[in-house]
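This report covers a single protein chain.

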Amino acid sequence: MTTIVPTSEEDPFLAVVRSTSQLAWADAGPEAAEPEITRLCREAEESIVAGKWLELASLMVTSAELVSSKIPEKDLECTYTIICSLVKNANNLEDVLEMVKVISSKVVQQPNDKASLRLKILFNLYNLLDHPYARFQVYMKALTLAVDGKVIEYIVPSFKKIDNFLKEWNIDSKDQRELFLAIANVLRENKSLVKESLKFLTKYLATFSNDDAQVLDEAKEVAVRAVTEFVKASSIFQCDLLDLPAVAQLEKDTKYEPVYQLLKIFLTQRLNAFMEFKNANSGFLESYGLVDEDCVTKMRLLSLVDLASDESGKIPYTLIKDTLQVNEEEVELWIVKAITAKLIDCKMDQMNQVVIVSRCSEREFGSKQWQSLRTKLATWRDNIANIISTIEANKVTEEGSQASSSSAAAIQGLSVR
């Protein structure tokens with residue numbers, strides 16, 4: 001059954017109220033239905049005449065939601081297109097924000113009913129708005145709907161534009177935290193997006209500073225979540241969590257101090273340190289949903305990266321065996337695993353039982369790594385300068401030789417003549 005919204009014969013807003021109220025009261029019988037339909041239409045007409053657009057929006061969206069499950073998707077979309085257009089009639093910014101709140105809150109109330117369409121309705125509302133903060137409010141509702149309605153695939157592509165959105169919305173740090181955490185929660189629904197989820201958790205935590213200890217305390221639970229997500233992720237070997245104030249506070253927290261120590265081990269130490277930590281904190285890994293075998297595997301790869309970062313660029317097989325706590329025949333297997341994970345580039349010298357490293361990943365990128373990069377760039381700059389000087393010197397010498405040859409030829413030619 002198709003519900004026709006007759007917008008050509010009367011005001012489109014009034015037509016929506018009439019059609020939705022008729023459908024809502026269809027089963028009540030004429031005697032009960034007609035007075036209610038008349039009352040609702042009269043209220044809508046009075047709101048239109050008085051320019052009370054916020055009241056009209058509340059009336060229309062309530063009526064629309066009463067019949068949302070009874071009408072086809074196209075009709076519901078058409079109905080909401082008219083309702084959303086009310087924002088263009090708002091008298092001031094306060095009314096716009098209130099209208100957005102009324103409409104979007106109703107749209108997300110029934111996430112299991114036509115979820116993808118409801119998300120589309122929110123996107124349409126977003127595009128109708130001119131005010132940046134009103135757009136931000138709608139986007140936050142869309143994130144909630146995406147998770148509750150299990151339609152995250154429709155909103156994930158927009159995350160690539162978040163930096164542009166932030167410039168447009170110009171929101172404060174509190175709103176940024178809400179945004180980053182909401183996005184991380186959306187991404188957590190898809191296990192293949194764990195790297196992106198950790199990225200937005202890190203963005204969230206980076207908005208906190210040491211200035212306000214009370215506010216910083218709010219980030220503890222998320223900081224713990226970020227650490228455990230990093231440790232669990234089998235394909236993530238680097239993060240920037242360690243020096244963030246929101247994470248560093250865990251070190252002085254009685255309850256969460258072991259969480260911080262675990263992160264420190266995964267970013268700065270080797271397998272032996274992890275084994276010692278595990279033995280000293282019985283049951284800790286299980287309490288945070290961490291699997292011992294998975295942690296050991298990751299720590300072996302990270303330990304190999306740590307060995308590869310040595311300035312000599314050569315790692316004896318025996319050192320790998322002892323550090324990774326494996327048998328001799330497993331050494332090359334772990335080297336291959338590290339290469340496959342793109343943690344190191346190297347060659348295996350089986351004759352001399354040595355690994356020759358040409359490149360390795362950094363486990364963290366802090367002040368030490370920046371200093372190393374600065375040193376390497378300075379060396380590179382000096383080498384380039386020396387090459388340029390050599391080329392210019394050779395050029396001058398070559399030009400001088402050519403000039404001497406030309407002079408000699410000219411003299412020779414004169415003597416011939």
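The text below describes the model from the whole chain down to single residues.

This is a predicted model, in which local features need pLDDT of at least 70, side-chain atom pairs count only at pLDDT 80 or more, and totals for chains, interfaces and linings use all residues. Residues are numbered from 1 along each chain as its sequence is written, and side-chain values use heavy atoms, with hydrogens and water left out.

**Chain**

The protein chain has 20 helices and three strands; these are DSSP runs numbered from the N terminus, helices being H or I with at least four residues and strands E with at least two. Of its 417 residues, 42% are buried, where buried means under 20% relative accessible area, exposed over 50% and partly exposed in between (1.4 Å probe, protein chains only). Among contacts (heavy atoms within 4.5 Å) with a separation of 6 or more, 62% join residues 24 or more positions apart.

**Core**

The largest nonpolar core holds 132 residues, and Leu179 and Leu205 touch the most other members. Because domain 1 (1-128) and domain 2 (306-360) both give residues to this core, it lies between them. The domain bounds come from an automatic or database domain assignment. Such a core is a set of buried Ala, Val, Leu, Ile, Met, Phe, Trp, Tyr and Cys residues joined through side-chain atoms within 4.5 Å. Beyond neighbours within four places in sequence, the contacts of Leu205 include Ala219, Val222, Leu241 and Val247.

**Pocket**

The second largest pocket has a volume of about 360 Å³. On a 1 Å grid over the protein atoms alone, a pocket is an open set of points where a 1.4 Å probe fits, with protein on both sides within 12 Å along at least five of seven lines; lining residues have an atom within 4 Å of a point. The volume is the space filled by probe spheres set on the points, which are joined across faces, edges and corners. Of the 15 lining residues, Lys195, Ile236, Phe237, Gln238 and Cys239 lie nearest the centre of the second largest pocket.

**Single residues**

Thr20 is in helix α1 (residues 12-24) and is buried, at 3% relative accessibility. Apart from neighbours within four places in sequence, Thr20 contacts Ser63, Ala64, Val67 and Thr79.

Most residues other than glycine have a negative phi.
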